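Dear colleague,

Please find below the structure that I am handing over to you, followed by a summary of what was found in it.

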Amino acid sequence: MQALIFDVDGVIAETEEGHRLAFNRAFAEAGLEIEWDRELYERLLWVAGGKERIAYYLYHCLECPKLLEADIARLHRRKTELYNQIVQAGEVPFRPGVLRLWREAREQGVRLGIATTTSLENVQVLLEQAGPEVPGWFECIVAGDMVERKKPAPDVYIEALRQMKLKPQEALAIEDSHNGLIAAQQAGLPVLITYSHYTRTQRFEGALAVLDHLGEPELPAQVREGPRSCLGVVTLEVLRAWHQMTLRAY
């Protein structure tokens with residue numbers, strides 16, 4: 001296991017609530033009488049990508065205006081600006097265990113990458129909240145608009161592996177959603193799931209393990225599925241053991 005490749009939304013931070021608020025503020029600014037509540041947004045998350053999510057909703061909303069592709073792109077750019085304001089205000093905290101595991105990886109020479117459907121700007125702004133040096137910890141950041149197809153297609157993971165010059169079995173993906181799991185699996189990667197509020201009811205067949213988060217000594221993780229050998233804290237030692245179990249299964 002030479003590298004860890006992270007998804008962003010729901011894995012690094014519980015960002016989806018920030019995204020939902022930003023979408024609603026962008027709709028209001030544009031004069032659109034649209035408001036996505038949490039229940040609706042949870043369903044819309046099956047559509048990967050912000051622009052795609054807006055387009056999907058408008059297409060299925062009989063009373064909504066039918067915006068041109070350029071208008072949707074403009075609306076999404078404003079939503080991104082509003083989301084980044086929310087992040088910069090410190091309203092999107094990192095999930096338990098994430099920064100701890102990053103530091104442990106750096107100390108032990110395990111490489112870090114990101115493969116996400118969200119925009120590069122969103123990733124950079126979020127990482128900078130942990131410190132201006134943190135974006136430099138990642139050998140590659142592959143965002144949704146850098147590839148032809150978004151998750152559940154494997155494109156972002158295939159590109160991350162290409163940039164890092166790794167074989168799939170040399171890395172481990174950390175995801176929170178069914179779409180992300182499928183994307184990583186199709187690229188040949190073993191996958192750990194740390195489900196988020198918005199993905200807690202999804203199914204995760206074939207994952208190494210399914211947990212509520214990576215865990216801290218004072219805030220143990222709860223294992224929903226898979227090996228229960230992490231004692232509440234997912235360390236590199238634990239991940240290496242789970243990774244080896246997967247390789248033996250192959």
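Helices here are DSSP runs of type H or I with at least four residues, numbered from the N terminus. Please note also that the model is predicted.

On that numbering, helix 4 makes the greatest contribution to the lining of the largest pocket, supplying 5 residues. Helix 4 spans 69–88, and it is joined by helix 6 (120–128) in giving at least two residues each to this lining. The largest pocket holds about 170 Å³ of space. Its lining consists of K51, A73, H76, R77, T80, E81, S119, L120, E121, A143, D145 and M146. Sorted by class, these lining residues comprise 5 charged, 4 nonpolar and 3 polar.

Helix 4 also packs against helix 3, which covers residues 50–60; the angle is about 125° and the axes lie 9 Å apart. Angles of 65 to 115 degrees count as roughly perpendicular and those over 145 as roughly antiparallel, and helix 3 and helix 4 are therefore oblique to each other. The crossing of helix 3 past helix 4 is right-handed.

The contact is formed by G50, K51, I54, A55 and L58 on the side of helix 3, and by I72, A73, L75 and H76 on the side of helix 4. By class, this contact has 6 nonpolar, 2 polar and 1 charged residues. K51, A73 and H76 take part in the contact between the helices, and K51, A73 and H76 also line the largest pocket.

With kind regards

Terms used: Residues are numbered from 1 along each chain as its sequence is written. This is a predicted model: local features need pLDDT of at least 70, side-chain atom pairs count only at pLDDT 80 or more; totals for chains, interfaces and linings use all residues. Side-chain values use heavy atoms; hydrogens and water are left out. On a 1 Å grid over the protein atoms alone, a cavity is a set of points where a 1.4 Å probe fits but cannot get out, and a pocket is an open set with protein on both sides within 12 Å along at least five of seven lines; lining residues have an atom within 4 Å of a point. Grid points are joined across faces, edges and corners, and a volume is the space filled by probe spheres set on the points. Ala, Val, Leu, Ile, Met, Phe, Trp, Tyr, Cys and Pro count as nonpolar, Asp, Glu, Lys and Arg as charged, and the others, Gly among them, as polar. Axes are lines fitted to C-alpha atoms, for helices over the stretch in contact, and angles run from 0 to 180 degrees between N-to-C directions. Angles under 35 degrees count as roughly parallel, over 145 as roughly antiparallel, 65 to 115 as roughly perpendicular and the rest as oblique. A crossing is left-handed if the near helix is turned anticlockwise from the far one by less than a right angle, and right-handed if clockwise. Contact means heavy atoms within 4.5 Å.
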